[in-house]
Amino acid sequence: MASLPRVLLSTSSFSHCYCPQLTTISSLKLNPQPPTTTRRRRRFSVFAMAESNRTTVLVTGAGGRTGQIVYKKLKERSGEYIARGLVRSEESKEKIGGADDVFIGDITKADSIVPAIEGIDALVILTSAVPKMKPGFDPSKGGRPEFYFEEGANPEQVDWEGQKNQIDAAKAVGVKQIVLVGSMGGTDINHPLNSLGNGNILVWKRKAEQYLADSGIPYTIIRAGGLQDKEGGVRELLIGKDDELLQTETRTIARADVAEVCIQALQIEEAKCKALDLASKPEGTGTPTTDFKTLFSQVTTRF
Ligand SMILES: NC(=O)c1ccc[n+]([C@@H]2O[C@H](COP(=O)([O-])OP(=O)(O)OC[C@H]3O[C@@H](n4cnc5c(N)ncnc54)[C@H](OP(=O)(O)O)[C@@H]3O)[C@@H](O)[C@H]2O)c1
């Protein structure tokens, strides 16, 4: 593997980020009067405008555990969004419904993702290298399992080169915003996740985050705590920075909550050009978060 990148591990990075206001359908007021021919024509044109004001969003890693929730939520909010997904295989495409808006591509092969990215307004990156457990591990014998990354799918290739390919392709089509989901732990080079399969996964993720922050594209970097497959919308979400939440008892979050934060980041100005650590209080403590504008307003860090 190539020598490890020098990655900024502090909040000292300030990129030059232009954050324009995204127009959403909610800003359009439909005419409530009964339709005459003229009004009907006017109403038609308002609907046509509304159609053109929907935000086309591509979710990559759409077959993954968080990505498929984001894709589903976008489809459910079809008044505001035109959803697209990028998956790696026909099998993943079928898993999320097999619709025509699901593209097949490999983020490590830049050309293969161009059709999915063409014409989008926003990109949500939920791709990640996935460590595999080496065969032969027997939990009854104690010890720890060992992990490896498949050929062509290690963190340098997926979490750095693959994310970079997506950012470059999105920039080339003039995308208005990129939401990138990463992981807490990146400030610690000795974090145990870095030794998984000798992949240095957090280092490569951090390098891609830095590349995005420096890209000039409005961005939101969400560094999630330990992900859980639990119901969303029932916990108070917590914002942190510089992995401070890892020193507390609240360092996990439901994938469904991460998915919701990704979508809220697309529509709330206060989320733009910011990086945040994200976790939640345990269910039953605190007040479930519903005001995402206030949540994003708490974020003070750009990286
Ligand atoms: N697990 C945790 O506790 C944890 C904690 C904090 C943050 N995170 C981060 O949160 C994010 C979401 O995690 P998750 O567990 O929901 O993800 P996941 O289920 O592991 O999904 C990752 C997705 O990336 C796709 N992918 C990998 N290589 C690709 C390539 N070359 N081209 C196209 N797609 C590719 C995979 O496609 P296939 O389906 O084809 O394999 C998969 O769908 C990740 O960045 C993860 O590192 C995880």
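## A first look at this structure

The buried residues of helix α2 pack against β1 (55–60), β2 (81–87), β4 (122–125) and α8 (255–267). Here, buried describes a residue with 20 or more other C-beta atoms within 10 Å of its own, the C-beta atoms being placed from the backbone. Helices (H or I, at least four residues) and strands (E, at least two) are DSSP runs, numbered from the N terminus. Please keep in mind that this is a predicted model: local features need pLDDT of at least 70, side-chain atom pairs count only at pLDDT 80 or more, and totals for chains, interfaces and linings use all residues. Residues are numbered from 1 along each chain as its sequence is written.

- Helix α2 covers residues 67–76, and its buried residues are G67, Q68, I69, V70, Y71 and L74.
- V70 is also among the residues with the most contacts inside the largest nonpolar core, together with I178, I222 and C262.
- That core has 71 residues, and α8 gives the most to it, with eight residues.
- A nonpolar core is a set of buried Ala, Val, Leu, Ile, Met, Phe, Trp, Tyr and Cys residues joined through C-beta atoms within 7 Å.
- Leaving aside neighbours within four places in sequence, V70 is in contact (C-beta atoms, placed from the backbone, within 7 Å) with V59, V124, L126, A259, C262 and I263.

**Strand β4 and its partners**

- A122 and V124 point one way from β4, while L123 and I125 point the other way, and all are buried.
- β1 and β4 run parallel and are joined by four bridges; T60 has I125 in β4 as its bridge partner.
- β4 and β7 also run parallel, again with four bridges, and L123 has I178 in β7 as its bridge partner.
- Strands pair if DSSP finds at least two bridges between them.

**Around the ligand**

- Of the 26 residues around the ligand, G64, T66, R88, S128 and S183 come nearest.
- The elements giving two or more residues to this shell are α5 (155–172), β7 (177–183) and β9 (226–228).
- β7 provides the largest share, three residues.
- The shell divides into eight nonpolar, 14 polar and four charged residues.

**A loop residue, N200**

- N200 sits in the loop between α6 (192–195) and α7 (201–213).
- N200 counts as buried because it has 24 C-beta neighbours inside 10 Å.
- N200 and P155 are 45 residues apart in sequence and 7.0 Å apart in space, C-alpha to C-alpha.

Definitions and conventions:
A residue is near a molecule or strand if its C-beta atom, placed from the backbone, lies within 6 Å of it. Ala, Val, Leu, Ile, Met, Phe, Trp, Tyr, Cys and Pro count as nonpolar, Asp, Glu, Lys and Arg as charged, and the others, Gly among them, as polar. A residue is buried if 20 or more other C-beta atoms lie within 10 Å of its own, exposed if 12 or fewer, and partly exposed in between; C-beta atoms are placed from the backbone. Two residues are in contact if their C-beta atoms, placed from the backbone, lie within 7 Å.
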